[in-house]
Amino acid sequence: MKSNDSTQRSDLVEVFSHMLGCEFISDLHAPSCHTQLERALENICPEDYTIWAWNDAVKYITGVGRAFQTQHEAYQCLSLFCAQAQADLVHW
């Protein structure tokens, strides 16, 4: 059972990478990917992945480790992070 949890944790980051067509998983760190990720999140059901998967994904993408209590909290955090990254890319 632990191996399934471990596999599922890494799978969410890989799912995002695949959805965005990233050549490398590390491409998820690029601010330009955050706009695409925000849209990709609309096609993800938070409950389809464990809280550990979400916590790992948020930490990997944002660089900040947090211990969310629910998948929805982590989903919202990642969504807000992407929205902020998108706003930061707009130059007025």
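Colleague: Why does tryptophan 54 count as buried?

Modeller: First, the ground rules. This is a predicted model, so local features need pLDDT of at least 70 and side-chain atom pairs need 80 or more, while totals for chains, interfaces and linings use all residues. Numbering runs from 1 along each chain as its sequence is written, and side-chain values use heavy atoms, without hydrogens and water. Now the label. Buried means under 20% relative accessible area, exposed over 50%, partly exposed in between (1.4 Å probe, protein chains only). Tryptophan 54 has 0% relative accessibility, so the residue counts as buried.

Colleague: What makes tryptophan 54 and tyrosine 75 an edge-to-face pair?

Modeller: Rings of Phe, Tyr and Trp (its six-membered ring) pair if their centres lie within 6.5 Å; planes under 30 degrees apart are stacked, over 60 edge-to-face, the rest tilted. By this rule there are two aromatic pairs. For tryptophan 54 and tyrosine 75, the centres are 5.7 Å apart and the planes make 75°, hence edge-to-face.

Colleague: Which parts does the pair tie together?

Modeller: Tryptophan 54 lies in helix 3 and tyrosine 75 in helix 4, so the pair ties together parts 21 residues apart in sequence. Helices are DSSP runs (H or I, at least four residues), numbered from the N terminus. Ring pairs also link Phe16, Trp54 and Tyr75 into a cluster.

Colleague: Why does tyrosine 75 count as buried?

Modeller: Its relative accessibility is 14%, so tyrosine 75 counts as buried.

Colleague: Which residues does leucine 78 touch?

Modeller: Contact means heavy atoms within 4.5 Å. Not counting residues up to four places away in sequence, leucine 78 touches Phe16, Leu37, Leu41, Trp54, Val58, Ile61 and Thr62.

Technical notes:
Helix = DSSP H or I, 4+ residues; strand = E, 2+ residues; numbered from the N terminus.
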